[in-house]
Amino acid sequence: SVGHPHEESDLDVFIVIQGGRLWLSRLLVTALLQVFGLRRHNRVIADQVCLSFYVTSGAMALDAIKLDGDDVYLRYWILHLLPLFAHDGVLSVWWRANTWAHQAIHQAPMPVPLLRSPVLLSTSVIQRLLSGALGDWLEKRVRAWQRKRMEATATHHETSTAVVISDTMLKFHENDRRAWYAAAWRERLTQIV
C-alpha cells in the first residue's frame, strides 16, 4: 500500500529462501503464523500476514515474471519493498538481480533492512538438522503434498505470471492487476506528453 493502508489491509510478505528448501520453509512459516493467529486465510484479512510470494535465492531476478512492455507495477513494487531483515548479503544480490527495475528510476536507493541481526535467522540447531539428508527427505515429501493441494485449488496456467508454482518460485496473485496498471500508466503518459 506504500503508506496508504486502509482498515481491511493485510501485510504482504515477500520471502527469499535458500534453494532446495522452498517447500519446507513455506510449510514452517505458514505453520508458525497460523499458530500465532497471524496468517491471512479465508475471510480473515485485516492486519494479517499474506504469504503469497516466495522465491529461492537463485531465482531473485523478477524479470522472469515481468509483463511484456513496461511492467510499471512490478518495477515500483520491487523498488518499494521494505526489507524486515536480510541475511548473508541477500539484499545486495536482490538489488543486482533486479537492475532492470531501478535503472528507470535512478534515484532509487537500495533499501536498508529494519532489523539488523534477527535471532530467527541465526544459525540454529533446526537449520543444521534440515540442511542435510533429513531436510532433503522432508523437502521432497512436503513438496509433493503442497503441490497437490495448490494445483487443485489455485487458478494456474503454465504461461501465467499471476500464479506461479515451481521449485524456485511460489506466487499466488490470482487477482493480478499489473496489466491494468500498465494500461493506466500508458494512458497517463499520453495525456502528459
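Predicted model: local features only at pLDDT ≥ 70, side-chain atom pairs only at ≥ 80, totals over all residues.
Which residues touch the most other members in the largest nonpolar core?

**View 1. The largest nonpolar core, a set of 15 residues.** Here you can pick out L22, W23, L51, Y54, I165 and L170, the residues that touch the most other members. At least two residues each come from strand 1, helix 1 (22-35), strand 2, helix 6 (133-153) and strand 3. Helix 1 is the top contributor, giving 4 residues.

**View 2. The surroundings of L170.** Leaving aside residues up to four places away in sequence, L170 touches L22, W23, R26, S52, F53, Y54, M150, V164 and I165. Elsewhere, a second, separate core holds 14 residues, among them M60, L62, I78 and W100.

View 3. Zooming in, strand 1 pairs with strand 2 (residues 49-56) in the parallel sense over 6 bridges, and D12 has C50 of strand 2 as its bridge partner.

**View 4. The crossing of helix 2 (residues 72-79) and helix 7 (residues 178-192).** The two axes come within 7 Å and cross at roughly 105°, which means that helix 2 is roughly perpendicular to helix 7. Helix 2 brings V72, Y73, L74 and Y76 to the contact, while helix 7 brings R178, Y181, A182 and W185. Sorted by class, this contact has 7 nonpolar, no polar and 1 charged residues.

Terms used:
Residues numbered from 1 in each chain as written. Heavy atoms only, no water. Axes fitted to C-alpha atoms, helices over the stretch in contact; angles between N-to-C directions. Parallel < 35°, antiparallel > 145°, perpendicular 65-115°, else oblique. Contact = heavy atoms within 4.5 Å. Nonpolar A, V, L, I, M, F, W, Y, C, P; charged D, E, K, R; others polar. Pairing = 2+ DSSP bridges. Core = buried A, V, L, I, M, F, W, Y, C linked by side-chain atoms within 4.5 Å. Buried < 20%, exposed > 50% of the residue type's maximum accessible area, 1.4 Å probe, protein only.
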